[in-house]
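Take a short walk through this protein, one stop at a time. Keep the structure in view as you read.

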Amino acid sequence: MSPPSLIDTHPNLAGAAPVALSYELFPPRSPAAAESLWTTIGELEATDPDYVSVTYGSNGSNRSTAVDLVNRLVQETTLRPLAHLTCVGNSPQELAEIIGELLDVGVRGILALRGDRPKDGEIPPPGSLRYAQDLIELIRRVEQRRSALLCAGRVAVGVAAYPTRHPESPSEAHDVEVLLAKQRSGADFAITQVFFHTEQYADLLARARRAGVTIPIIPGVMPLTSLRRLARLGELTGVEPAPELIERLAAADTDADRTRIGVSATVDLANAALDAGAPGIHLYTFNEHAAALDVLDKLALPRPRSGNKNSGNRQSGNRHGAGRINASRSAASGQLAS
């Protein structure tokens, strides 16, 4: 008979992991936007997130600005950047150069995305990559060539997941098959597109697990406080906002009322995802910190104690609820981790 494993003899090793916290930022488009962004970065840094993702324009339209922002995050803050990278219209050689540039400035996490196809019917150049799966495989090849520089470490590769059917997909089942293919190519985790109904994350998680997807699937949650932003998001993604939420926001008398309504709806979505077993929460900030921090204030996230020396006046162990552990939610996280 085999002896019991070390893990079996130490039950404390099986405890629930802290819930991951992350934010999304995008490169500023003007000096004024840059100043506002760095105020937001300072506020978000004080909450000790596990990483912040930095978007990358379609076909690399803001490549230099995105890389500059990532470089500043590495050099001037305690934040860990997760760099977005799209592949449509780019050759393997071009993308390998960009991946190398990101690694050279200190990036150790990349969100591998297909990107938007050209809307004018333009055909991508011959030999250019077509799918996120191809980009994942390219990242792993670049990583292998640089393994000595990375101390034989690995780059964390994230991908997108869709709680509702992707606009170009024939079915939700096909979306899950695509996610499974990304996992086989080397993806480490997924972040979902926004969703508006509390059951949608749990449904995606159940379908993905049945299909064999084992990587963490992190719900992407947007503060639902802006009617204009919700309408624009519906146009861009084909994801229809909940009509009842739109009606309540439109009927609100003041901005404060709209913020209260939107934050409450966002917290409901995040709590439903955590209760379903989500390993973390990814907040789409739109480079604005106020609503994101309002959401965080109302979430009892089991977070590690702050080790951030530059946390300023905000203390994540107090205002943002680090360490306030909800027992049922922690159990759900532990089930997912197992």
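Start with the aromatic rings. The model is a predicted one, and its count of aromatic pairs comes to two. One of them joins Y51 and F189, whose ring centres are 6.2 Å apart. Their planes meet at 50°. Planes under 30 degrees apart would count as stacked and planes over 60 as edge-to-face, so this pair is tilted. Two values are enough for such a description: a pair of aromatic rings is described by the distance of the centres and the angle of the planes.

Where do Y51 and F189 lie? Y51 belongs to strand 2 (residues 51–54), and F189 belongs to strand 6. The pair therefore ties together parts that are 138 residues apart in sequence. Are the two residues buried or exposed? Buried means under 20% relative accessible area. Y51 has 14%, so Y51 is buried. F189 has 11%, so F189 is buried too.

Look next at strand 5, which covers residues 156–161. Five of its six residues are buried, so strand 5 is largely enclosed by the rest of the structure. Strand 4 (residues 109–113) pairs with strand 5 in the parallel sense, over three bridges. Here I110 has V157 of strand 5 as its bridge partner. Strand 6 (residues 189–192) also pairs with strand 5 in the parallel sense, over four bridges. G158 has F189 as its bridge partner in strand 6. V159 stands opposite A190 of strand 6. To get from strand 5 to strand 6, the chain passes through helix 6 (residues 172–185). This β-α-β crossover is right-handed.

What kinds of residue make up the lining of the second largest pocket? It divides into twelve nonpolar, two polar and three charged residues.

Finish with the backbone. Most residues other than glycine have a negative phi. D48 is not a glycine, yet D48 has a positive phi of about 55°. D48 is found in the loop between helix 2 (31–45) and strand 2. With a relative accessible area of 17%, D48 is buried. F286 also has a positive phi, near 55°, and is a residue other than glycine. F286 lies in the loop between strand 9 (280–284) and helix 11 (290–297). F286 has a relative accessible area of 29%, so F286 is partly exposed.

Methods
Residues are numbered from 1 along each chain as its sequence is written. This is a predicted model: local features need pLDDT of at least 70, side-chain atom pairs count only at pLDDT 80 or more; totals for chains, interfaces and linings use all residues. Side-chain values use heavy atoms; hydrogens and water are left out. Ala, Val, Leu, Ile, Met, Phe, Trp, Tyr, Cys and Pro count as nonpolar, Asp, Glu, Lys and Arg as charged, and the others, Gly among them, as polar. Buried means under 20% relative accessible area, exposed over 50%, partly exposed in between (1.4 Å probe, protein chains only). Helices (H or I, at least four residues) and strands (E, at least two) are DSSP runs, numbered from the N terminus. Two strands pair if DSSP finds at least two bridges between them. A crossover is right-handed if, with the strands pointing away from the viewer, the path from the first strand over the helix to the second runs clockwise. Rings of Phe, Tyr and Trp (its six-membered ring) pair if their centres lie within 6.5 Å; planes under 30 degrees apart count as stacked, over 60 as edge-to-face and the rest as tilted.
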